Every structure is written in C-alpha cells, then in structure tokens.
Amino acid sequence: MRYVKLGSSGLRVSRICLGMMSYGDPRSWEWILREDAAEPIVRRAVEAGVTFFDTADMYSDGVSEEITGRLLAKLFARRDDYVLATKVYFPTGRGPNDRGLSRKHVLAAIDASLTRLGTDYVDLYQIHRWDHETPIEETMEALHDVVRAGKARYIGASSMYAWQFAKAQHTAQTAGWTRFVSMQNHYNLVYREEEREMIPLCLDQGVGVIPWSPLARGLLTGSRWRDGRRRTVRSGSDLLADSMYEDADFDVVDVVRALADERGLPPAQLALAWLLGRSGVAAPIVGASKVRHLDDAIAAVDVSLSGEEAARLEAPYLPHRIIGH
C-alpha cells in the first residue's frame, strides 16, 4: 500500500479508501452484508495496509457506523492507526430537524455518529450534500465548532457545484473558521464532468479528491452488459445505477475490457489505475462485497498506464448531464 497527504493538509491516507456503505442491514438493500460477512473483507483491507475508511450516518440507518466502529476497534491496535470518515446531511429520523446542515442537526448528528462508532472523534467529518435551506455561514461555523470541540480533526465536502464549494471555502476563510480539506465527488471513467470545474478548483486550493463510485457502481467491472444482462446481485437490483449511466457509456466499458484483456488484468484494476493516476485524486472510495473486489483495488495501486493507454481509455467519453449532486 502507498500513502499520500490528503490535499495540502498534513493528514496521510492510504491510496485506497474502503467504503463501508456495503456493510449494514440487508433490509435496506439486498446486497448489503451483515457484520460477520463484512469482517473478512475489512480484515483483508487492514492486512494490506488500508488505513482509510469512509461511512455515513444514513447508511443502513446508522448500522454501517456501528459495524465500522466495532470492526476497526477489533482490527487495529490503536485508534490513531486509522483514518475514520463519516458524513452528515441526509435524514436520520422523522423529525423536521433530523436532516440537513443546520447548526442544530450538525451538532446532534456528530454526537450520534460518535456514539454509534464508539469513538471520541472522527478524522474527517463531511457534509454529504449541499443544503439549500441553511445559510452556508451557519453550516461552516457549526463545523468549525465541531473541530474546536475535538470531535473531528478535519472537515470535508461531497458532491456539489464548484461555485458552491468556492463559496463555502471563502466563507470559512473570511471568518477564520476551519476550511474543507477534501472533496468526495462522483468521478470515474464514464463520468468525468468533475474535470471541468471542481477538480481544477481542488487542485488550485490544495483540496484532496476522494471519488465515490470509482467503478461506476460496477459498470466498469463488467457487471452490466449492453444487452441488459446483469452478473451480480447488486447490478440486478441497483435501480439508481440504471438511471445514472447511459448506453453510450458502454463504449468506454468496451475499451476498458479490450485493454484489460491485452494487459491480462481485471477491468476493475485498469479503471482504478486510471483514476489513481489523475491529478488531485488522493484515494478512490471503493466498495467491496467480496475479498476479490478489495484485492483488485489494492493491486490497482501498482498498475501503471502509459500515456497512450490512458488516452485510449478516455477517447470514447461523451459529455453527461450533472449526476450526483
């Protein structure tokens, strides 16, 4: 495993981040794994040197955080040996204040997350989306107070427009509050709209990019076929993926498969190697429901692509509508 600084911060993370959304309560999604099934995968990650783990308060209604906290405490000797990230924004209850990024919800949500995670602090506390109903000044001050209280070491953001992210950073800087050190955005070989504004902004501002859905919800692994066939439980039940990606995206997938055959590598390794080679990308957030999924991600860290190979993978791309905000 290799390690890099998260943007211009002093925080070092493994180049692969294990996304913990896949572990929780199967009643939420049939492809979700219970704790006993998740443990061998997380254990393999730890053994391979993965130190960066990402979850959210809304995954499986908090069960993901509970599992994440128990497994990491079990598999690491010290709390300081790993980087733990979680997120706030989406509903976690039925009350009118059980959602969003108001001061009330942010301060309540961090305490609830810490309780479920069984820890005194998270390393990275992220806003899961932009809240159009709360002034950004209120949100940034609340996040700053979370950091000052020692409940989070750093703060990060997730999918939004570049102008929104710039506004948030400017608001914090002007007031002397904590700024975001990371952007968790939707970025992969079949969705590259982030290259237009968000990633250049992150590069300019020293913000680390930690993409979600780096394999396009399995599309880039070959789990879906152009004719509609599905190879996995998740691809057969993930309606969101069907709405996010288009028929033209299979032109990219075809090139990934062809180059993977030539290199004698799984398509997932090639797709992740491309992403790991992009400027500003610190650590793709990889979901794994099988140990071999994790092994592909770990192996991708050491896969190098030539300029010609990268250009070949990028050539079929067509512009997309904005997805994921």
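User: How many cavities of 30 Å³ or more does a search of the whole structure find?

Analyst: In this predicted model, searching the whole structure turns up one cavity of 30 Å³ or more, and the volume of the largest cavity is about 30 Å³.

User: Which residues line the largest cavity?

Analyst: The lining is made of Leu101, Ile127, Arg129, Trp130 and Asp131, together with Thr134, Pro135, Ile136 and Thr139. Sorted by class, the lining of the largest cavity has five nonpolar, two polar and two charged residues.

User: OK, pockets now. What volume does the second largest pocket have?

Analyst: The second largest pocket holds about 210 Å³ of space. Its lining comprises 14 residues, and those nearest the centre of the pocket are Arg99, Gly100, Leu101, Asp131 and Glu133.

User: And how does that lining divide into nonpolar, polar and charged?

Analyst: For the second largest pocket, six of the lining residues are nonpolar, five are polar and three are charged. Leu101 and Asp131 are among the residues nearest the centre of this pocket, and Leu101 and Asp131 are also among those lining the largest cavity.

User: Switching to helices: at what angle do helix 10 and helix 11 cross?

Analyst: Helix 10, residues 267-276, and helix 11, residues 291-300, cross at roughly 40 degrees, and their axes come within 8 Å. The two helices are therefore oblique to each other, and the crossing of helix 10 past helix 11 is right-handed.

User: Which residues make that contact?

Analyst: Helix 10 contributes Ala268, Gln269, Leu272, Ala273 and Leu276, while helix 11 contributes Asp296, Ala297, Ala299 and Ala300. By class, this contact of helix 10 with helix 11 has seven nonpolar residues, one polar and one charged.

User: What about helix 1 against helix 11, how far apart are the axes?

Analyst: The axes of helix 1, residues 35-47, and helix 11 are 9 Å apart, and the two helices pack at an angle of about 20 degrees. Angles under 35 degrees count as roughly parallel, so helix 1 and helix 11 are roughly parallel to each other.

User: Is that crossing left-handed or right-handed, and which residues meet there?

Analyst: Helix 1 and helix 11 make a right-handed crossing. On the helix 1 side the contact is made by Pro40, Ile41, Arg44 and Ala45, and on the helix 11 side by Val291, Leu294, Asp295 and Ile298. That contact divides into six nonpolar, no polar and two charged residues.

Terms used
Residues numbered from 1 in each chain as written. Predicted model: local features only at pLDDT ≥ 70, side-chain atom pairs only at ≥ 80, totals over all residues. Heavy atoms only, no water. Axes fitted to C-alpha atoms, helices over the stretch in contact; angles between N-to-C directions. Helix = DSSP H or I, 4+ residues; strand = E, 2+ residues; numbered from the N terminus. Parallel < 35°, antiparallel > 145°, perpendicular 65-115°, else oblique. Left-handed = near helix turned anticlockwise from the far one by under 90°. Contact = heavy atoms within 4.5 Å. Nonpolar A, V, L, I, M, F, W, Y, C, P; charged D, E, K, R; others polar. 1 Å grid on protein atoms, 1.4 Å probe; cavity = no way out; pocket = protein on both sides within 12 Å on 5 of 7 lines; lining within 4 Å. Points joined across faces, edges and corners; volume = space filled by probe spheres on them.
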